[in-house]
Amino acid sequence: MNWIDYTYYRIFNWYKRWDMHPWIYARSLVSLIITFIIWDLYLIYKELVNPNIVRLENEKLLAACVFFVCLFISFYRFRKLVTIESLEKKYQNEELKVKLLHGYLVLSTIFLPILLPIIFGVLRHNLGII
């Protein structure tokens, strides 16, 4: 299972109930998740593996650039390579138990990459551990 495709499929189906263009939200959220995962890997390397690394002056600008690159790749991938019709055909006969398990994995895919920078911020600034 390609978890990015499945995450896109589930987000698309969730937003389909409320909006006429759910692909905008799904592609943007998938891009944001990928950006946070890349940022988390950088943060882990910077804080735990090599804490003496020189801090970049424009880390926010770098994060924005990474987001827009991921957004471009996501728009290309889900427009040209993987369509929602192919994903619906692939996942339409999914069992309820498997669907619930994959739903929890999608939720953890969304929330865990966002929580890691928050945890590092609390440990560094509030507790002074890192």
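Before anything else, a cut-off I need: buried means under 20% relative accessible area, exposed means over 50%, and partly exposed is what falls in between. I also note that this is a predicted model.

**Entry: Y42.** I looked up Y42 and got a relative accessible area of 21%, so I log Y42 as partly exposed. Y42 has a ring partner, W39: the two form a tilted aromatic pair, 5.3 Å centre to centre with 50° between the planes. Both sit in helix 2 (residues 22-49), three residues apart, which is about one turn of the helix.

Entry: How many aromatic pairs does a search of the whole structure find? I get eleven. One of them is Y9 with Y91, which is tilted, at 5.4 Å between centres and 35° between planes. I placed Y9 in helix 1 (residues 3-15) and Y91 in helix 4 (residues 84-91), so this pair ties together parts that are 82 residues apart in sequence. Buried or exposed, Y9 and Y91? Both are buried. I also found a cluster: W14, Y15, W18 and Y25 are linked by ring pairs.

**Entry: charges over rings.** I checked the arginines next. R27 has its charged end over the ring of F75, 5.2 Å from the ring centre. R77 lies over the face of F78, and there I read 5.8 Å to the ring centre.

**Entry: helix 3.** F78 turns up again here, as one of the buried residues of helix 3. Which helices do the buried residues of helix 3 pack against? They pack against helix 1 and helix 2. I also ran a length check on helix 3 (residues 59-81): at 1.5 Å a residue, its 23 residues should span 33 Å, and the end C-alpha atoms are 31 Å apart, which agrees.

**Entry: helix 2 against helix 5.** I fitted the axes of helix 2 and helix 5 (residues 96-126); they come within 9 Å and cross at roughly 35°. I logged the crossing as left-handed. On the helix 2 side, the residues making contact include L29, I33, F36, I37 and D40. From helix 5 I noted, among them, T109, I110, P113, P117, F120 and R124.

How values were computed: Residues numbered from 1 in each chain as written. Predicted model: local features only at pLDDT ≥ 70, side-chain atom pairs only at ≥ 80, totals over all residues. Heavy atoms only, no water. Phe/Tyr/Trp six-rings, centres within 6.5 Å; stacked < 30°, edge-to-face > 60°. Helix = DSSP H or I, 4+ residues; strand = E, 2+ residues; numbered from the N terminus. Buried < 20%, exposed > 50% of the residue type's maximum accessible area, 1.4 Å probe, protein only. Lys NZ or Arg CZ within 6 Å of the ring centre and 35° of its normal. Expected span 1.5 Å × (residues − 1). Contact = heavy atoms within 4.5 Å. Axes fitted to C-alpha atoms, helices over the stretch in contact; angles between N-to-C directions. Left-handed = near helix turned anticlockwise from the far one by under 90°.
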